[in-house]
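Here are my notes on the contacts between the chains and between the domains. Please read them beside the model.

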Amino acid sequence: MRRYFTDFGKAIKNGDVWTRLSLIVMGAGYFGRKQIVKGILMTLIELGFVLFTARVSWQYIRRLNTLGTVQREEIFDPLTLSKTVNDYDNSLLILLLGVIGIILIFAFVVLYIGNMKHVYSLQRLKEQGKHINTFGEDLAALVNEKFHITLLTLPALGVILINVIPIIFMVCVAFTNYDKDHQPPTYLFTWVGLENFEQMFTSNTTVTFGFVFVRILIWTLFWSVIATFSTYIGGILLAKLINDRVVKLKKLWRSIFVVTIAIPQFVTMLLVGKMFGDYGIVNSICNNIGLTGWMQSAGLVSDGLSYIPFLSKPGWAHVTIILINLWVGIPYQMLAATGILLNIPEEQLESARIDGANERQIFRKIIMPYMLFVTGPSLITALVSNINNFNVIYLLTSDYVTPSMKFANSSAKEVDLLITWLFTLTNQESNYKMASVIGIIVFAICATLTLISFSRFIAGNREEDYQ
Amino acid sequence: MKKAWNIIWKHGLLIILSVIWMIPILWLFVTSLSGYKGINTMHFFPQEWTLDNYKQLFFEPDTVANFPAWFKNSMIIGCFVCLISTFFVLGVSYALSCMRFRGRKQLMSFSIILGMFPGVLSMIAIYFVMKLVGLSDSIVGLIVVYSGASGLGYLICKGFFDTIPASLRESAKLEGASQLTIFTRIVIPLSKPIIVYTVINSFLAPWMDFVMAKLMIKSKNPVDWTVAMGLYKLVERTLVGNYFSVFCAGGIIVAIPISVLFVIMQKFYVEGITGGAVKG
């Protein structure tokens, strides 16, 4: 890091006229070494940046500290019979363009420093009488030793546009009061510090976020663990069953399960959700065969209901969701496990058999350790993706209405994961500030899990155990 | 005797499991042939059989359901996203796996950190950004949204590239091949499974996603919708009574090509998943 800046200082100290001129006109150093095209390009970039910052982004950046002070007002003019709107501040635009402007300034500074160093190295080359690349040679380098720049530029821009900017924006929103009552352009929102985080952990008669948050967090963690391990074990068992030596038509069986992956989840999950609805087909069948009556007499379904509340009562819904998730997840895990099972060295299994191990022992002592070794890191990935398993929960519980006032107060449901709760808060309640707080918490959980998995599985050098 | 029993119970179990896994799909299929438009709650199989739902889907677009237009939109989006994403993923994987440059490790750590932010959170902000650029409510905007961040999904592909022997690349370099030549002539031809995997995945993403589409496309005119979004709207509370069987027909139409693709590509798919996983 220090060298980064000392190199920059050296470039200024030892630079000749052209190099020092580059401090003002970035292309100057290239002009001096007869790299005309590159010089023009650099100068154009500099010009574009200065113009954009001065004309567009600066007026937003300078208002970032307050996020705007002039509220929108419409004045009806009786003479012209038209409405005029004052010159109001739009907090959303200020924050968004402010963030973009700052990112641009940051990127420009990096480019600027890099440019100075490069210009200086050109000067050194010239002094030493070495060859200086022509523009054509520079272009050729872009498909050779600098090929990574060609490959990474566009994807990186995409990631910045679709990931980095939105994430920084939403993280900022967690520290503002951007919600239903503060929606631009009509109203302003502003910084409130850690107020939202405090609200997330308080629970009293008016604010129930703390109460709801703890319950949803527990369910989210419980769900992700159960969902991951049940489908993981189920997938391995199914893969083992299909790949058993005595089983015929392996391809057919596998295809049957693969088809269920292929149908988009929003189709299958909505469909299954309707099947298990209060007056859905499953309930009709349960009614006809007397299961509902039996459940009532066993006390599992309260007497007032004429149906089994598969997806409409807490408790029932939790169990049903986990069971339905088996249907979703096992084929995926089966596919992954199949590939790995086929890789287990046959001699190992054979020698175990000769030594008199039975199938169960082989499964427990050879297959499972091998699977765990190979899929260990991906288990953590699966855990993280189950914490973020939006589709299954959202689609299955679209008809669920919470019976609890406290949950309703925070626009949550008992069966919500953090991620679906976040979605409801943004899309139905426009409560962006609390949604952002949840998002940051989810990030913290996922980051912790990933860090653990990295230190546990990657850091220890066990790669050669099975080679 | 013991062996015969072994065969029988294993096949029996497989049959039972297959039936369980097939029930929803069978129901989807038979409901798509039902003469009753709403959700059939009393009978598994429809009372009267008809092909009307398919006819309505394809030839009688109305103010809520316009399947031909949805299909066209999704197809355009799918193709472009597929092209861009595949290019991005392969490029990023090659740069990070086969080339060595300053900041490579930091870039990889950074991408992993980015991936841990919940996507649902940034959705609304993506919408704001797209609106700012003037691309919200358009197909181009959706293409940008679906393919823009695809470079982050390089991990599996990079894991595969890592397994290609470095000696191959070294010897090509000695022969005077540029990185571009090594990439297109050596690495790409050796990576068929992973390319198929990437292509399928990126093509399917827009067909499966209804959330982002619903957020981005505010148009009330069904001509502008995608398949996923349109079908999702058909089962909203006010419409489900009249369109449920049409929804099922749409589901079947979408599912058939994807299923065929999946079953054929199964082998590649397995190699794709595990090829990356083994490397961790």
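1. Contact here means heavy atoms within 4.5 Å. By that rule, 10 residues of domain 1 of chain A are in contact with eight residues of domain 2 of chain A. The domain bounds, from an automatic or database domain assignment, are 2-193 for domain 1 and 199-276 + 311-459 for domain 2.

2. This is a predicted model: local features need pLDDT of at least 70, side-chain atom pairs count only at pLDDT 80 or more, and totals for chains, interfaces and linings use all residues. Side-chain values use heavy atoms, without hydrogens and water, and residues are numbered from 1 along each chain as its sequence is written.

3. Between the two domains of chain A, about 780 Å² is buried, 63% of it from carbon and sulfur atoms. Buried area is the accessible area (1.4 Å probe) that two parts lose on being put together, summed over both.

4. Two salt bridges link domain 1 and domain 2 of chain A. The rule asks for a side-chain nitrogen of Lys or Arg within 4 Å of a carboxyl oxygen of Asp or Glu. A:Lys180 forms a salt bridge with A:Glu429, with the closest N and O atoms 3.6 Å apart.

5. Now the chains. In chain A, 91 residues are in contact with 88 residues of chain B. The two chains bury about 8,000 Å² between them, 83% of it on carbon and sulfur atoms. On the chain A side, A:Ile162, A:Phe266 and A:Leu271 lose the most area to chain B, together 8% of what that side buries.

6. The count between chain A and chain B is also given for charged pairs: two salt bridges. B:Arg237 forms a salt bridge with A:Asp399, at 3.3 Å between the closest N and O atoms.

Key: Chains are lettered from A and ligands numbered from 1 in the order in which they are written.
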